[in-house]
Amino acid sequence: DPRQGRAFVDGERTLVDRAVFSDPALYQQELGRVFARSWLFLAHETQFGRAGDFFTTFMGADPVIVTRQRDGTYRVLLNSCRHRGMRVCRYDSGNAKAFTCPYHGWSYGTDGTLIAVPEERAAYGERLDRSEWGLAAVPRVETYKGLVFGTWDTEIPPLREYLGDVTYFLDVLLDPDGQGAVMVPGVHKWRMRGNWKLAAEQFAGDTYHVASTHLSAVLAEPGRSDEAPMPTTGFQVAMSGGHGIGGLDGFDYWRTAGFSEEVCEWMAGLADRAERHLGRPRARDAVFFHGNVFPNLSLLFIRSNLRIWHPKGPDAMEVYSWAVVPASAPPAVRRALLLDYQRHFGPSGTWEQDDGEQWHYSAGSGDGFIARGLPLHYRMGHERVPQASFPDFPGSVDDVYSEANQRCFYERWSELMAVPHPAEFRDGARPGIGTAGGSVDA
Ligand code: FES
Ligand code: FE
């Protein structure tokens, strides 16, 4: 039964059930089976300068606080008071020695330990064992080239292994010249209608929509020229683990983007350094556009953007979005890249609004009684011999017009959804019950 968590409704695995975008029961299962069993992106290390610096975000629908500890490691705490569930930390980011719940004043250390309870003796006598009522802590936190990830799953492979082949492509954004990348301070946040998978699958493999969805924005690009048009040939790469990346054959993108001569020259120098650091295929032969790291971390390489789609119910998502620039970029280049990101993919960006409109009107496409019975078409490139124009790329490389990446995304999603999360059976209890002591075992 597809409503029990299988995306595909045909034997060839090319037709997707609309229920995956709208069914409330599937959404609840997904929070446990997909989000509680994947490595989830949390923040970038450049957001944390010193001990006590924190950033609040979400893992699936669970609010969490990411804090830097004295030893430079990160601790990730469920941002929900153990007393009545109040959001303990209501700030987006900052520096703290402790987190004091605004409701009744229980205080937690930055490692999650319950350190103080107002009127403890009068209220509880000797009967409150503070060591059992700390904030739940995410059991595993690891980093890759500045990106901090956490997972509730104690069984899944280490982060590097989970990312697998996608690190080959992530490095183009995170480490083009061996000097790393930085996040421009500040996070854009906005809410949209639509299931989070509408966005994640598009970023995984949908170059196809650009010429239609973004046509007016493409025509208005300042550096656009009929003499040197963008290539129309390119690639999609599907990777085990459900990750996907896509782009076009190489061309001098930075000139077509309308940057100043100064910025173009610096980017040309960066390409030279990138060629030495990453090799020619990644530095010159391909221009990387979009990508998705399963489940919900997406990238826009040439727009210097990294973002996460937080699920907010079956029909809504919230975006957290960062500008990512090479650490070696001088201030003028950083500013140009930041403005380029904002203009295209910030909350009021032209391209961003184009996409948001598609997801807004695709949302609820499975709500109608008749529409619900009509599966969606994911057959592009199916049964075609994949092209091998980039033989050096890891993963399975196909033509730019292919939905192989989306199929790969839903293969992984279906695999996870087919296996109940152990907490679904824990003595009939909901996750978290019986796990006092500051951790939730996955
Ligand atoms: Fe946090 Fe009561 S809800 S102290
Ligand atoms: Fe788009």
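**Helix packing, sheets and buried elements**

In this predicted model, helix α11 (residues 331-345) and helix α12 (residues 350-362) pack at an angle of about 30°, their axes lying 3 Å apart. That angle makes α11 roughly parallel to α12, since angles under 35 degrees count as roughly parallel. Where the two helices meet, Arg 343, His 344 and Phe 345 come from α11, and Thr 350, Trp 351 and Glu 352 come from α12.

Glu 262, Val 263 and Trp 266 are the α9 residues in the contact, and they meet Ala 332, Val 333 and Ala 336 in α11. The residues of the contact of α9 with α11 divide into 5 nonpolar, no polar and 1 charged.

In helix α1 (residues 24-33), the buried residues are Leu 26, Tyr 27, Glu 30, Gly 32 and Arg 33, and the buried residues of α1 pack against α13 (404-417). Helix α5 (residues 196-205) has 10 of its 10 residues buried, so it is largely enclosed by the rest of the structure. Among the buried residues of α5 are Trp 196, Leu 198 and Phe 203, and also Lys 197, Glu 201 and Gln 202.

Turning to the strands, β18 (residues 305-311) is likewise a buried element: 7 of its 7 residues are buried, so this strand is largely enclosed by the rest of the structure. Asn 305, Arg 307, Trp 309 and Pro 311 point one way from β18, whereas Leu 306, Ile 308 and His 310 point the other way, and all are buried. On the side of strand β17 (residues 297-300), 4 bridges join β17 to β18 in an antiparallel arrangement, with Leu 297 standing opposite Ile 308. The hairpin of β17 and β18 has 4 residues between the strands, and in it Ser 304 takes a positive phi near 55°. Strand β18 is also joined by 7 bridges to strand β19 (residues 316-326), and these two run antiparallel, with Arg 307 opposite Ser 321 in β19. β18 and β19 form a hairpin with 4 residues between them, in whose turn Gly 313 has a positive phi of about 100°.

Two open sheets remain to be followed. One consists of 3 strands in the order β2-β11-β10, with antiparallel pairing. Strands β2 (40-44) and β10 (140-144) stand at its edges, each with a single partner strand, so one side of each is left without a neighbour in the sheet. Neighbouring strands of this sheet are turned by 30° against each other on average, direction ignored. Within it, 5 bridges join β10 to strand β11 (residues 147-151), the two running antiparallel, and Phe 149 in β11 is the bridge partner of Glu 142.

The other open sheet has 3 strands in the order β7-β8-β9, again with antiparallel pairing. Its edge strands are β7 (98-100) and β9 (114-116), each of which pairs on one side only, and the twist averages 35° from one strand to the next. Strand β8 (residues 107-109) is joined to β9 by 2 bridges, and the pair runs antiparallel; the bridge partner of Ser 107 in β9 is Ala 116.

Conventions: Residues are numbered from 1 along each chain as its sequence is written. Chains are lettered from A and ligands numbered from 1 in the order in which they are written. This is a predicted model: local features need pLDDT of at least 70, side-chain atom pairs count only at pLDDT 80 or more; totals for chains, interfaces and linings use all residues. A residue is buried if 20 or more other C-beta atoms lie within 10 Å of its own, exposed if 12 or fewer, and partly exposed in between; C-beta atoms are placed from the backbone. Two residues are in contact if their C-beta atoms, placed from the backbone, lie within 7 Å. Axes are lines fitted to C-alpha atoms, for helices over the stretch in contact, and angles run from 0 to 180 degrees between N-to-C directions. Ala, Val, Leu, Ile, Met, Phe, Trp, Tyr, Cys and Pro count as nonpolar, Asp, Glu, Lys and Arg as charged, and the others, Gly among them, as polar. Angles under 35 degrees count as roughly parallel, over 145 as roughly antiparallel, 65 to 115 as roughly perpendicular and the rest as oblique. Two strands pair if DSSP finds at least two bridges between them.
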